Amino acid sequence: MAQNNETIEFHATAGAFFRSDHLITVDDLDRVFNLYLPFIGATSYALYHLLVNELPFTKEHLKRQDHNFIIDSLNISLPNFVKCRRRLEAAGLIRTVYEQDARGEVYGYRILTPLSADKFFKEQLLSGLLYKFVGEERYLILENRYDIQGQEKLIGTDISARFLQVFQHQNDLNIPTTPLVYQEATLQIDENNFKFDDFSAMIRGTNLTETKKHRNFLVAMHMTYGVDEVTLAGFVNQSVTLDTHEINEQEVQRLLRKQITRKVAIETVNKQAEPIQPKTNVPEIKNTEARALIEIASTTNAQDFLGYVKTTLKNGLVLKNERDLVDYLIAQSTLSMSVVNILVHYVLIGLQNDSLKAALVTTIADSWTQNRVDSPEKALIQIQQRQKANQARQEKRFSRSQKSEKTTPKFVKANVNPPQTKAKVETSDNSDEAAAALAKLKNIKTKN
């Protein structure tokens with residue numbers, strides 16, 4: 001069984017190494033003292049300060065140490081040391097790694113820079129703990145201390161000198177230009193249904209730049225799971241890491257799939273839906289079943305639609321790779337959600353596949369993208385054209401086989417014994433069956 005940080009027995013003689021990605025300054029220690037100390041405790045702050053002081057500034061000072069000097073310096077017991085270390089880890093101030101080498105157990109401590117005051121007060125978990133331990137009055141004092149200093153607003157014209165007004169080019173070196181990069185497609189959404197700017201303002205623990213990096217993914221999650229700005233922001237806030245302050249896309253997907261209660265697509269159709277505005281350049285679909293499918297595909301979220309087809313129509317289970325495939329198609333922004341729903345229905349029901357195969361689905365999606373299929377009506381037209389093409393190929397093969405029977409060479413027929421009466425009856429029966437199959441094939445229509 002794999003060990004974790006709770007089952008590993010700690011020994012003071014274990015080795016210790018220290019690392020920091022950035023220089024930790026006096027200002028950083030000051031923020032830890034004022035903002036973190038109330039809930040991590042004085043001993044935990046002393047441990048953090050001691051670890052910062054023990055950071056080797058040059059490679060010549062790199063050496064293996066044990067934990068006795070930490071315990072002796074702080075005058076604490078082994079259980080208290082582990083308790084303080086875990087508090088620092090939970091607050092995002094250090095990360096601990098563990099291994100065993102030839103000399104025994106080794107712990108590596110990666111000392112992290114504390115959050116800036118602005119990010120700290122936007123982080124609900126940390127700022128909430130501070131408020132709980134210091135109270136409202138002290139909390140407001142600390143918030144004002146790290147807020148704008150001096151005059152609230154400076155009024156006047158900016159007359160500051162520009163860079164080139166003071167510093168001149170000293171040489172004629174050619175500065176390399178930024179190469180052209182592939183511009184990723186941007187998902188287009190209705191701002192009345194999902195306001196990305198408002199959603200970004202609800203994200204805590206990271207900055208706006210990090211949120212915009214994941215824009216396509218986040219919009220795809222809104223479209224596929226049908227969640228609003230507040231609900232999605234809650235899941236994203238849970239996925240933001242305290243140490244790197246990055247959005248974990250896999251964690252967002254896991255939380256959505258675990259906690260969002262899915263509604264069956266047929267329930268959505270039974271509700272009083274607003275009349276759909278007619279679209280321009282969209283072929284008219286007169287088939288009743290096809291129009292019903294278009295309405296479901298247009299008013300149902302992609303993940304709900306997939307669940308409806310797999311569980312209700314197929315009596316099966318929705319697989320993880322199928323959900324990932326649907327999320328991928330939406331995030332690519334080349335096909336709309338309603339078209340993706342038609343594609344899912346066609347592969348599972350029309351082609352009678354047990355599950356969504358990535359190779360088949362992406363091939364059809366690529367073909368529809370190249371043919372500019374931007375509505376469910378056009379998707380059904382594509383399906384109909386593909387079925388007609390397959391039907392034409394089958395008829396052509398059948399006609400070639402019939403022609404080859406009629407043009408059999410005479411010398412071949414001369415060497416063949418005359419068939420018995422029973423054989424004639426079987427041949428006639430086979431011809432009747434083939435004709436019936438051909439007639440049935442000609443009458444095939446687009447399913448749903």
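These are my notebook entries on a few things I looked up in this predicted model.

**Ground rules**

I number residues from 1 along each chain as its sequence is written, and my side-chain values use heavy atoms, with hydrogens and water left out. Since the model is predicted, local features need pLDDT of at least 70 and side-chain atom pairs count only at pLDDT 80 or more, while totals for chains, interfaces and linings use all residues.

**Overview**

Of the 448 residues, 34% are buried. For burial I use relative accessible area: buried is under 20%, exposed is over 50%, and partly exposed is in between (1.4 Å probe, protein chains only). I also looked at contacts, meaning heavy atoms within 4.5 Å. Among those between residues at least 6 apart in sequence, 72% join residues at least 24 apart.

**Aromatic rings**

How many aromatic pairs are there in the whole structure? My search found 13. A pair of aromatic rings is described by the distance of the centres and the angle of the planes. Rings of Phe, Tyr and Trp (its six-membered ring) pair if their centres lie within 6.5 Å; planes under 30 degrees apart count as stacked, over 60 as edge-to-face and the rest as tilted.

I looked at F18 and Y109 and found their centres 6.0 Å apart with planes at 25°, so this pair is stacked. The pair links distant parts of the chain, since F18 is in strand 1 (residues 15-20) and Y109 is in strand 4 (residues 104-111), 91 residues apart. F18 is buried at 11% relative accessible area, and Y109 is buried at 2%.

Next I took Y36 and F39, a tilted pair with 6.0 Å centre to centre and 45° between the planes. Both residues lie in helix 1 (residues 26-40), three residues apart, which is about one turn of the helix. Y36 is buried at 1% relative accessible area, and F39 is buried at 12%.

I then checked which residues group together. F10, F18, F69, F81, Y98, Y107 and Y109 form one aromatic cluster.

**Two histidines**

Is H67 buried or exposed? I found H67 buried, with a relative accessible area of 0%. H67 is in the loop between strand 2 (65-66) and helix 3 (68-74). Not counting residues up to four places away in sequence, H67 touches F10, H11, A12, A14, G15, A16, F81, Y107 and Y109.

H245 is in the loop between helix 11 (229-239) and helix 12 (249-259). H245 counts as buried at 17% relative accessibility. Leaving aside neighbours within four places in sequence, I see H245 in contact with L115, G205, T206, E210 and V240.

**A serine in a loop**

I looked up S116 in the loop between strand 4 and helix 5 (117-122). S116 is partly exposed, at 33% relative accessible area. The C-alpha atoms of S116 and D28 are separated by 8.3 Å, with the two residues 88 apart along the chain.

**Two asparagines with positive phi**

Most residues other than glycine have a negative phi, and most peptide bonds are trans. I noted that phi of N75 is near 55°, a positive value in a residue other than glycine. N75 is in the loop between helix 3 and helix 4 (78-90), and N75 is exposed at 71% relative accessible area.

N315 has a positive phi of about 55° although it is not a glycine. I place N315 in the loop between helix 15 (302-313) and helix 16, and at 65% relative accessibility N315 counts as exposed.

Notes: Helices (H or I, at least four residues) and strands (E, at least two) are DSSP runs, numbered from the N terminus.
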